[in-house]
Each structure stands twice: as C-alpha cells, then as structure tokens.
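Here are my notes from a pass through the model.

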Amino acid sequence: MIVKSSARVFVSWVIGVGLIFVITGFAAAADTIKLGVAGAHSGDLASYGLPTKRAAELVVKEFNAKGGVLGKKVEILAEDDVCKPEVATNTATRLVSGGAHVVLGHICSGATKTALGIYKDAGIIAMSSSATNPELTQSGKYPNFFRTIASDDAQARLDAGFAMDVLKVKKIAVLHDKGDYGKGLAEYARSFIEASNKAKVVLFEGITPGAVDYSAVVNKIKQSGAEAVIYGGYHPEASSIVIQMRKKRMNTYFISDDGVKDDTFIKVAGKAAEGVYASGPKDTTKNPLAIAAIAAHKKAYNADPGAFFLNGYAAAQALLTAIQKAKSTKYADVAKALRTEPVDTPLGRIKFDKNGDAIGVGFSMYQVKNGVYVETSTAASDPAAPKKKR
Amino acid sequence: MDYFLELFFGGLTRGSIYALIALGYTMVYGIIELINFAHGEIYMIGAFTALIVSSVLAFAGLSGLSVLFLAAAAAIVYSAAHGFTVEKIGYKPLRQAPRLSPLISAIGMSIFLQNYVMLAQTSDFLPFPSLLPDLPFLSDLEIGIGSTEAIILMTTAVSMVLLTLLIKFTKMGKAMRATAQDRNMAMLVGVDVNRTISYTFIIGSTLAAIGGVLIASHIGRINFYIGFIAGIKAFTAAVLGGIGSIPGAVLGALVLGWTESFATGYVSSDYEDVFAFLLLVIILIVRPSGLLGRSTAQKV
Amino acid sequence: MTAIAQIRQSLIVALWFMFLTFPILVIRVNTIENIIEWRWVNMLYAGAGSFLGSFAWRYLLERKSRAAGKDGGPVRTAEATAAEAKPWWRRLREERQYRYPALSVLAVVATIFPFLPFTSTYQINIVTNALLYVMLGLGLNIVVGLAGLLHLGYVAFYAVGAYSYALLHYHFGIGFWTALPLGALLATLFGILLGFPVLRLRGDYLAIVTLGFAEITRLVLENWNEFSFGPSGIAGIPRPGLFGLEMDLHGATIYFYFLMIALCLLTIFVVNRLQNSRIGRAWVALREDETACEAMGVNATAAKLTAFALGSTWAGLAGVVFAAKTTFVNPASFTFLESAMILSIVVLGGMGSILGVILGAFILILTPEYLRAFSEYRMLLFGLIMVMMMIFRPQGIVKGERRIYEFHRKPEDRE
C-alpha cells in the first residue's frame, strides 16, 4: 500500500508539474514584443509591486489598442520576486528565458541589484519605478538600468535642508525602519545634517517595522528634545508614530519621504496627519496624462491607484516608446532612444541621463493641510543640483 | 522619573497584548504539545473581521460603543470558528503522527491563511477606526498612560481573571487540565478529548481576537501580515514564561514587553529585538524550562 | 455511510464554510474610500468548493485509515513494514539489479539535462536552486532527522556562510574556492558556539533558543552597518571562475549546475557515511531516548555538539554557494521563513532519509516555481499543499529507515 501510494504521490506530482510546464511553455510561443514586469506581486510588499504591474497592463492595453509596437502586439510577462534577492534570480532568468525584450522592474533595490547582473549578461534593459538606491545609477555598475524615480540621496538632501533652512530647527531626530530604503535615506539625511553644522542629530534610531506599538520610541523622541523628526520608511509605521506622538501632545515637526507621501497615510493617521511634511515626486496630478492614467485605473479596478503607480506608468510608456522610436528591440538602440528621445508621461516630459536617472523627475516638499497633501512653495528642489556636487 | 514611568506603562501595554496572544500558544501547547504557528493568523483574522464589521456598521449609521461591542463580538465568533476549523482540518488527523508533522502542517496553515486574507481582501495597510472610547481624564493625570493603554490593560486583566476562573472551576477547565496531564488517561476516565481540544482552540482564539481588536485600534492600521510578527513574539513570551503554564505566559509576556520598552528607551531601538531574544536565551540557560515552567522529570 | 448521510454531512460542511468565509471573502471594505463591496458570488464558490472538497476529504481520510489498518495500526513497527513487500525506494536502494541501473539512468539524466533542447536557462537555474536546498536539507537532516534536535534557526549558519564569502571578497578579494572551506569553517565554529549554551535544553525550548539566535544574527547583520553594510547588503559578489574562462549567462548557469551536482554528491556521500558510523548511531540513539542513550554510555553532550557543528558546516557551504549564485546578499534573505522552509523539506521528505530529503527539496522548491502559472494564488496553493501532504503522508514521502542488524545462525550451528 505504501509502495503504491507514495509512488502515486510522486508520479502525480511529476505529471502535474509536467502539464503546467507544457501549458506555460506553449503560451509563450506567439510573436510579440514581450515586456517583462518583475516585482513583488505577493507577500508582505505586494502593495508596492502590484500598482506597477497594473500600470503596465493599462499602458500595454493602450498601446495594443493603437496597433501595438513595431506592428506587433505587446505582451506582458509578469513575474513575482516577493522582493527577495534569491527569488529575483529565478524571476530574472525566467524572464530572460521567456524572451522578454525589456523589463519593467524590479520594485525593491536589493532584488533589482541581483537581477540586473542577469539582465546585463542577457543584454536586456530594466527600468524600475521604485528602486531608489543611489548606487544603482551612480556607481556605474549597472549600465542597463534606468528608473523613473529620483534616488534616495536627492530626497534626503531635500528633507534635511527643509528642516534646517525652512523650519529652522536645531535639534533633529532621525528615525528609520531598518529597511534598505528607509535606512539608506536616514543615513544620507544624517550625514547632510552633520556636514552642514546648522543643526544637531539628537537621536538616530531604527524602529522595528510591524511591531505592536512604538510608544517607547516616541517617549525617547520626547526625551531627546528634538524639534523635528525626519523619518525614512513607509507610511504604515509613520502613521503609528505620528498618532502616538500627537496622542502624547507633542507638536514636533514630522518630516518624511515619498514612502509616506501617500493618501493612505492621511486616511490612516487621520487628524494626527495634519501638518506632517513629506517629500514626494513633483506634483504632476494636474498633468493631463496623469489624470487620464488615474482615471483608467479607476475604471479598470474601481479603486485609486497605489504606490508608484504613475512611476510605473511612465516607465512602461518610456520603454515601449523607446522601442518604437528605435525601431528595434536591441539593447544599444533602445538605450540610445531612452537617453535621447524625450517622451511624454504622467510624470511630465522625460528622458534619461547617462546614469539612467530620469531627467525632470524630482522631489518637492508637501504638507498635509485639511486632509490633503499640498505642495509647499518654499522648497522646490532641483534634483540635478545635488548630483553635480558629487 | 516620568520617562521611566512612560516606558514602564508602554512596556506593560505591549506586554499585555503579547499575553493575550501568548495564552493561546501556551494553552494549545499544554494540551497537544504543538507550536501552533497559525495562531498569529487567527489574531489577524480577528482584527480583520472587526474592521469589516465595524465599517459595515459605520456605513449603516451606527456609532459609538455599540459598534465596538458588535465588532468585537464578530471578531471573537469568527476567530473562534477559524481556530476550531484549523484544528479540525490541520491537526486532528495528525494526532498519532510523528511530532514534527503537525508543526509543518501549522506552518502550511499559516502561509495559507495569510494569502487567503491577502487575496480576498487587500495587500495594503488599512486604517483601523479607533473603536475604543476616549477617556480624557487619564491624559490629564499626566502619569504617562493614555486611554487606549488603560483600556487594554483593564481588558487584559479581566480576560486573565475570567480565564483563570474558567480553568480552575468549570468542568471544561477540569477536562482541559486532565487532558494536558495525560491524554490517554483522561480518555479512560471519560473525558471527551476531541471536544476538550476543540474548546482549547476556541478559547485561545477568543483571546487572540480580543488582542487583535485592541491592538488594531491602538495602532490604527492592519494588514494581512500583522499576525506573523506578533505570533513570533507571543510564542517567545510563552516559552520565556514556561510553555504550557498559563501564569507563565502572562509573566513572560510582561517581561518581554518591559525588556523591549526599556531597551528602546535606554539603549537603542535598533537592538530592541536582540535584547528580547538575548534575555530569552539567558533565562532559558539559567532555567531550562522557563520562568514558571515545571521541570518535569524525564520518564524512562 | 449511506449516500444520503454523506450528502447531508457535506451540506453541513458547505454551510459551515459559507458562514466561516463570509466576512473575509464576501465583504470587502475600503476604509480609505468608504466603499463596501459585497461579493455574494464568492459565497457560492466557497459553498460549492467545500461541498465537493468534503467528499474528497472523507474519501482520502478513509483510504488512509484503511491503509493504516492493513499494516496493523499506524505504520510504526519495523516488523510491520518488513513483513510487507519492500517499498519501491528500498528495492531501488538495496537490490543491486535495480540499484545500479537506476543510478546510472539518474546520472545520465542529470548530465544531459542542461543540454536538452527544451531546457532554458531558467529551468537550469531553478534546478540548481533545488540542489542548493538539497544540501541545506541534508545538513539540517543531521540535526533534526538523525539527532532529533528541533532546530528553527538553521538559516543563521546559512547567513554566516553567505556573509563570509561576501565580506572576505569585499575586504580581501578572496575567491570562491578559498571562501568555500573558510565559510564552512566559520559556520562550524558558530555552530559550536551556539551548541554550548543550548546543550541543556530539550525539545521546544531548544527550538525557540535556536530561533532566537537566528533572529539575533539577522538583526545584527541588519543594524551593524560598519560590519555588514546593513539592509542594503553587499552587491557584486563574483560567480566562481573556471580557469579564467569567460562565460555568458547560459554557460555560467550550466557551470553552476554541475558545481551543485558535485557538491550534492559530496554531501550525500558524507551524510551517508556519517549515518552508519558510530557517531551516526549515537545520534539516532539520542533521538530515540536521551536518558537511555546516556545510560548506555553515549556521550550525549559530544553527540549533540557534533550534530550541531556538522549541520552548520553544510549550511555554511550552502551559504557560500548562495552568495556566489545570487551575487548579492542582504539580511532579508535570512528570515525565519527560510528556516521553516528548510525544516519543511526535511519533515516533508521524511526525517532521517536521504532520498526523502532530496525529493522534499525538489518538491518544495520547484512547486512554487511551477505554480507561477497561478501567479497570485501560488503561495495560497503552496500552503495548502503543505498541509495536505502532512495530513496524508505524515511520515514524509520516504520514511526514514534504520539499518537493521540481524543475527543469523549458521545452519551447521543448529543442533
């Protein structure tokens, strides 16, 4: 009995796997332009990956409605990497094997770094909507990488500068969520503050994301006498900290990043969100393309788009347009088109510099006023300026 | 001194939430010697049910305490139902199996439930309404304890007392203790073991649901992943106190809460979890069966 | 059970599940937009699904209990198994006329696999990944399967191996082949270091302490920027070279595949020899009954320590390979879930059985990859498969076999 049943378990598994293999193998046979979309589509970071995937789907639908690219239909190869580097190697090789011509992704910087080596070997261009690690573009190690979002250091400089020059505070607490993104940003912010000598970092701490509460950290901020908090991380933790700070009747300034510049933050934090500053991509919601993209999302999913949706939308448009303008899917041609041919996207008219950063994509500072983020006029930043100093 | 008190109460609040979840772990472990990894997910489902029910009620125009009670009741009912079902499907067929099999089944359950909620609801964080009433006089007292904290502490304390009474004085409590001591012997003297185990899961899940509602209104946001981290912490607390021991779970949870709070307050929150786990390791090296665990003589 | 009773029971199950899944599956609230969405059709699916599922469930459970009944109770006693016809894997393993042909077929398949026309780089890559987990599984099998110590922090040693290579390369430019033994050595030392304090602990206390150690390791890697570069990790770790040969992606993947095959063969060889050695038998004795084992004169402390150390060695080796394979390490790869996955490989495959662990690794690592066709649903299915496998094959796919020494009298000795 054991003989049969275990043999059967194994055999049926083999057959099942074989079937799936065959089905998926055949599905990828048609002649199309293949846009790989890689990122976290499941797991705890799915909410940062799914909007980009949806954006890609909408863009592809739009392009296909107009007759495709180079006369061929565009097809999406969506692969999940759960934002883990080790899974990203599988995802990347699968996209390469599946014949992807260009890749939109990945979402997290770590996974992106791992996957880029594979794309580089295969001669594929990858463009991320959300990987902000400065090294990705500035180190020169990843020539095949482009992104439609500005890097962390530009943003940290804006946050720190805003606190010191506009709010004129002398004592700043810098917090982060121990993550790749948050900690990187916080460290840049700290080094900018320390280098400027205009203010002091009185507290530099990492909080544990997902912890049941943050009252101890909030008490510590209070104890440190900080006049402003700069937080590097995402909105879920930020809202908890802000709520607890306001509950303790602290009116310390709270300055954060584009992980917090999300309407969800305002809804979650409610009244506590009033007055919070957050840097975010320059306001493009008045851009007609952005309005159209958001409307398309609302129509398709009956909900507001999530994080990095417009960045993902712009990236998908940039990639497909570049193929169209280069009249080729070859690495060198597409890369050249991306660097030379400007394209109209929801983020404005963009093209890419030699490092792969989008020119014209920058950050400005927002403040929550009456439940909405309003761009503050005092701190418009020029993202090109800090980079020249480097 | 104020700073110390604030950290003290913060740790106490955190600890009492851990305690509510840790009790579920310790009760299940006491009765079937299984680390129920899906317990954190039960807590998450409790919080989600409360969110859904309260939103529907708010939509229907209700407000105030009635929403809180109805949402909490629904959370308890559904958490208990999930706990019951998880046991029936995942663990009951494995009563006679090798010891690690139910553990793997529990890990599978945990992955399944997380993804089930994520797919059926959303992967985003959702704001959780602050259902708990505001007691402004507390913050006026300036002793470093807010109204939510106070409510959490009171609810936890009341739940503990009720649980202790239930286990000490009811027939079902007696059956639980008998089953925990020796399942076969309990069966022989006429205890319906399967039913007792089901009750244990239901009670554990109820406490987790209460914890879920409290913590969700305290921090004001939930997603499908909250159960995992809270579960690991609560499990640590249960072992710290001596797994299988009910007062041990509470003590362990409070010690853990305070350790984290003071570590953050006086050292750095970078290493808050490192301190928590180091404390665990040190306590277990000194007392190998936890703070209040009985060191059972090995049967040869 | 009569048909009507069957149907009635399934109906009850279906109603129960419709009730159970009601809030989560039917109502979706968007507290941000204040929209409530009612999806009644889901309730129908839940009801129909559980109605049909409950038939299958009962049928399978009944079959399982019938199978168990035939063997005379749950499959436990060695006599019961021995009395039966030899299971297929034992025939393959023990009888020469099957064993050698089977092994050679396997060897041929393994050799030509990367060169088959339909194997893409991706296929080779995921199989290489599975082989990496074979190594990890076999290493953990020493601790959990043989010595019976529930270890929930195995991933810490994996991390030690991976970071050894990453850091040694970063600071001193040390290559893969030098880092491989060094990583293993460091992981072993770390294992001994962890082994000492936990020797006194038993069962689940041991489990939580190992889990705690793994979390501490990960948190230190995450926070101690000066040492480990924190959460942004270390990028640009080179793949192993082959006499300075330049390889494209496909070539490098194939090379890695064969490297993994070689390392797996080494692991299998060593674990196999260990299993039947003096220390291997001491581990099994320790697993079965610690007290009795000590009474028989086995040095339990030494046995536990060697189990930990040897288990860690393989994790260290695998870690170095992991770093070279992904070319990037960061602490996010070494979470508790990873430990749980490796443990699942051991338990699902069959504790103490080498063949079982190999099958377990292939199933657990390849299933999510092949389930990619189901995109969002793949982890859901994966969890479900894990539960079902455990329920219907609680001893694992291949039950661990103990070598049995029998005493046979020579015929001429008979009186």
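**Notes on the model**

1. Let me start with chain C, which has 18 helices and four strands; helices here are DSSP runs of H or I with at least four residues, strands are runs of E with at least two, and both are numbered from the N terminus. Keep in mind that this is a predicted model, where local features need pLDDT of at least 70 and side-chain atom pairs count only at pLDDT 80 or more, while totals for chains, interfaces and linings use all residues. As for labels, residues are numbered from 1 along each chain as its sequence is written, and chains are lettered from A and ligands numbered from 1 in the order in which they are written.

2. Staying with chain C, 47% of its 415 residues count as buried. Buried means 20 or more other C-beta atoms within 10 Å of the residue's own, exposed means 12 or fewer, partly exposed is in between, and the C-beta atoms are placed from the backbone. Of the contacts in chain C between residues at least 6 apart in sequence, 75% join residues at least 24 apart; a contact means that the two C-beta atoms, placed from the backbone, lie within 7 Å.

3. Now the interface: 46 residues of chain C are in contact with 56 residues of chain B. On the chain C side, α2 (22-26), β1 (27-30), α10 (203-223), α14 (290-295), α16 (336-349) and α18 (378-392) each supply at least two residues. The top contributor there is α10(C), with 10 residues. By class, this side of chain C has 34 nonpolar, seven polar and five charged residues. For the classes, Ala, Val, Leu, Ile, Met, Phe, Trp, Tyr, Cys and Pro count as nonpolar, Asp, Glu, Lys and Arg as charged, and the others, Gly among them, as polar.

4. What about the largest nonpolar core? It has 354 residues, and those with the most contacts inside it are A:L35, A:L319, B:A22 and C:Y158. Such a core is a set of buried Ala, Val, Leu, Ile, Met, Phe, Trp, Tyr and Cys residues joined through C-beta atoms within 7 Å. Helix α7 (residues 121-146) of chain C gives the most to this core, with 17 residues. Leaving out residues up to four places away in sequence, A:L319 touches A:L35, A:V102, A:L104 and A:M127.

5. In chain B, have a look at helix α10 (residues 226-241) and helix α12 (residues 272-286), which pack at an angle of about 25° with their axes 10 Å apart. Axes are lines fitted to C-alpha atoms, for helices over the stretch in contact, and angles run from 0 to 180 degrees between N-to-C directions. That angle makes α10(B) roughly parallel to α12(B); the cut-offs are under 35 degrees for roughly parallel, over 145 for roughly antiparallel, 65 to 115 for roughly perpendicular, and oblique for the rest. On the α10(B) side, B:T236, B:V239 and B:L240 meet B:A276, B:L280 and B:I283 of α12(B). That contact has five nonpolar, one polar and no charged residues.

6. Helix α11 (residues 246-267) of chain B also packs on α12(B), at an angle of about 140° with the axes 8 Å apart. This makes α11(B) oblique to α12(B). The contact uses B:L256, B:T259, B:E260, B:A263 and B:T264 of α11(B), along with B:E272, B:F275, B:A276 and B:L279 of α12(B). Sorted by class, its residues are five nonpolar, two polar and two charged.

7. Then there is helix α2 (residues 39-59) of chain B, whose axis comes within 7 Å of that of α10(B), crossing at roughly 130°. So α2(B) is oblique to α10(B). The contact of α2(B) with α10(B) has six nonpolar, four polar and one charged residues.

8. Two backbone spots deserve a look. A:C83 has phi near 65°, a positive value in a residue other than glycine, and lies in the loop between β2 (74-80) and α3 (85-97) of chain A. C:T327, with phi near 60°, is also a non-glycine residue with a positive value; its place is the loop between α15 (300-326) and β4 (328-329) of chain C. A:C83 counts as buried because it has 26 C-beta neighbours inside 10 Å, and C:T327 counts as buried because it has 21.

9. Last, is A:H297 buried or exposed? A:H297 counts as buried, with 22 C-beta neighbours inside 10 Å. This histidine sits in helix α11 (residues 288-301) of chain A. Not counting residues up to four places away in sequence, A:H297 touches A:R54, A:L58, A:P305 and A:F309.
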